[in-house]
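Let's walk through this one together, one region at a time. Have the sequence and the 3D view open as you read.

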Amino acid sequence: MLFSSIPFLYYFLPVVLIAYYLVPGSVKNMVLLLASLVFYGWGEPIYVFLMAATIGLGYVFGILIEKFRDTSWAKVCMISSVIISLGLLGYFKYANFFLTNFSAATGISLPLLKVALPIGISFYTFQLVSYIIDVYWGKVAAQKNLISLATYITMFPQLIAGPIVRYSDVEKQLKHRSITFDKIAYGIRRFALGLGKKILIANVLGEFCAAFRAANEKSVVFYWMYAIAVSLQIYFDFSGYSDMAIGLGSVLGFKFIENFNYPFISKSATEFWRRWHMSLGTWFRDYVYIPLGGSRCSRPRHLLNVFLVWMLTGFWHGAEWTFIVWGLYFGILLIIEKTFLLKWLEKTKVLGHVYILVLVTFSFVLFDSAGLGDALSVVGSMLGVGSVPFMTEVTGYYVNSYLVMFIIAIVGSTPLPKMLVSKATQRPGVQKVIAVLEPVVMMAILVVATGYLVDGSFNPFLYFRF
């Protein structure tokens with residue numbers, strides 16, 4: 001079930017919220033857990049049992065780790081839990097990738113496994129692993145209430161697309177949380193903005209990308225438009241979903257961490273990854289990079305740590321070589337920056353922005369490609385390699401058709417709209433006008449988005465692949 005769907009918006013969510021608000025506080029976790037299981041099982045009921053088994057094992061191992069604290073058995077339990085969780089993720093997500101590549105390398109044809117990728121398994125596996133490790137490190141106490149732990153892992157607002165919420169961030173909220181009018185109002189506003197980003201911007205850019213792929217006549221300008229469009233589509237698609245997740249969390253009384261902070265205003269790859277999918281970046285930092293030694297080791301080991309983390313970051317996104325190379329691409333950029341380039345970039349303004357925008361645009365071409373050859377072909381065409389014309393009539397048609405959307409998306413990916421609204425509210429009388437207009441705008445977004453959904457418009461969610 002997608003947040004950006006009629007069944008979720010007009011059937012599932014209203015029923016869940018009514019039940020959630022009516023029951024007493026002691027029962028809210030149970031209602032939320034049941035709703036989350038229904039949400040997850042909507043498209044693939046069989047994998048509810050896989051998730052339940054994973055949670056059950058995590059629950060038992062967490063208690064055992066705490067019981068055997070300060071003994072070697074605690075470490076055994078922690079390692080066992082992590083291996084089982086990551087093993088299940090590896091089986092469902094990567095088994096066929098390894099079989100395919102083994103067959104290609106050896107010439108031995110091995111049959112592929114008939115397994116589908118459970119939705120959200122990358123996200124809830126990482127949440128459970130972080131919980132187990134934090135219990136082992138003594139950062140949090142083991143959760144004795146199975147309902148509370150299961151609610152944390154399955155919570156439908158952030159189950160399928162993050163942000164990756166740490167148990168330590170919501171431990172107290174699982175026991176006691178307040179639901180106020182301000183939280184609900186903020187949550188509705190944040191959800192509506194996320195829905196608008198997803199339906200009205202990301203989906204329209206996705207239509208443009210689909211039209212580009214289907215076009216027989218392409219040009220250098222058309223290729224660049226596609227590269228920019230796919231970069232912005234991925235951003236608005238994922239950040240829109242994160243906004244909706246944070247909004248829904250607020251409506252339910254939770255405060256989730258931010259996941260995006262205007263990454264396209266960055267001046268370096270280092271800054272970009274402090275602003276893009278921040279929950280994933282901090283997860284790899286805390287549970288992979290620092291345990292490997294981080295930067296507190298020899299220079300070669302430090303660079304190897306960066307390389308390994310970014311290879312894993314790319315592999316986390318999908319069982320394809322394009323994702324692995326995409327992660328290594330950023331790993332190499334970060335190594336170059338840490339070695340010498342970052343000091344120079346920090347002294348520049350315009351050049352730093354141009355540098356990272358170009359390289360990030362190339363990276364998302366790779367991210368979206370069906371294969372490495374396809375990615376190289378697109379990048380080559382963007383650079384004018386071959387007999388690709390610079391401009392054509394077909395390109396002119398698409399420029400005229402989508403120019404306004406490109407401008408909206410580019411401006412919307414910067415803090416400028418937020419800054420203008422913030423400055424406007426500081427003027428006498430304007431704050432009251434905005435207070436009146438805001439619910440009207442939110443309602444308009446919902447109505448227009450609903451119209452798109454009823455019309456059956458293009459409505460994929462890219463991160464379902466992960």
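How many of the 9 residues of helix α6 (residues 146-154) are buried? Before the answer, a word on the model: it is predicted, so local features need pLDDT of at least 70 and side-chain atom pairs count only at pLDDT 80 or more, while totals for chains, interfaces and linings use all residues. Residues are numbered from 1 along each chain as its sequence is written, and side-chain values use heavy atoms, with hydrogens and water left out.

Now to α6: 7 of its 9 residues are buried, so this helix is largely enclosed by the rest of the structure. Buried means under 20% relative accessible area, exposed means over 50%, and partly exposed lies in between (1.4 Å probe, protein chains only). Helices are DSSP runs (H or I, at least four residues), numbered from the N terminus. The buried residues of α6 are S148, L149, A150, T151, Y152, I153 and T154. Their cover includes α2 (25-41), α3 (46-67), α5, α7 (156-159) and α8 (167-175).

Next, follow α5 to another partner. The axes of α5 (residues 121-137) and α12 (residues 278-292) come within 12 Å and cross at roughly 45 degrees. That makes α5 oblique to α12, the class left over once angles under 35 degrees count as roughly parallel, over 145 as roughly antiparallel and 65 to 115 as roughly perpendicular. Here the axes are lines fitted to C-alpha atoms over the stretch in contact, and angles run from 0 to 180 degrees between N-to-C directions. On the α5 side, F126, V129, S130, I133, D134 and W137 meet L280, W283, F284, D286, Y287 and P291 of α12, where contact means heavy atoms within 4.5 Å.

H277 sits in the loop between α11 (269-275) and α12, and its phi is near 40 degrees, a positive value in a residue other than glycine. H277 is buried, with a relative accessible area of 0%. D70, in the loop between α3 and α4 (72-106), also has a positive phi, near 70 degrees. At 78% relative accessibility, however, D70 counts as exposed.

Finally, find E320 in the loop between α13 (299-317) and α14 (321-345). At 43% relative accessibility, E320 counts as partly exposed. From E320 to M51 is 269 residues in sequence and 24 Å in space, C-alpha to C-alpha.

Notes
Helices (H or I, at least four residues) and strands (E, at least two) are DSSP runs, numbered from the N terminus.
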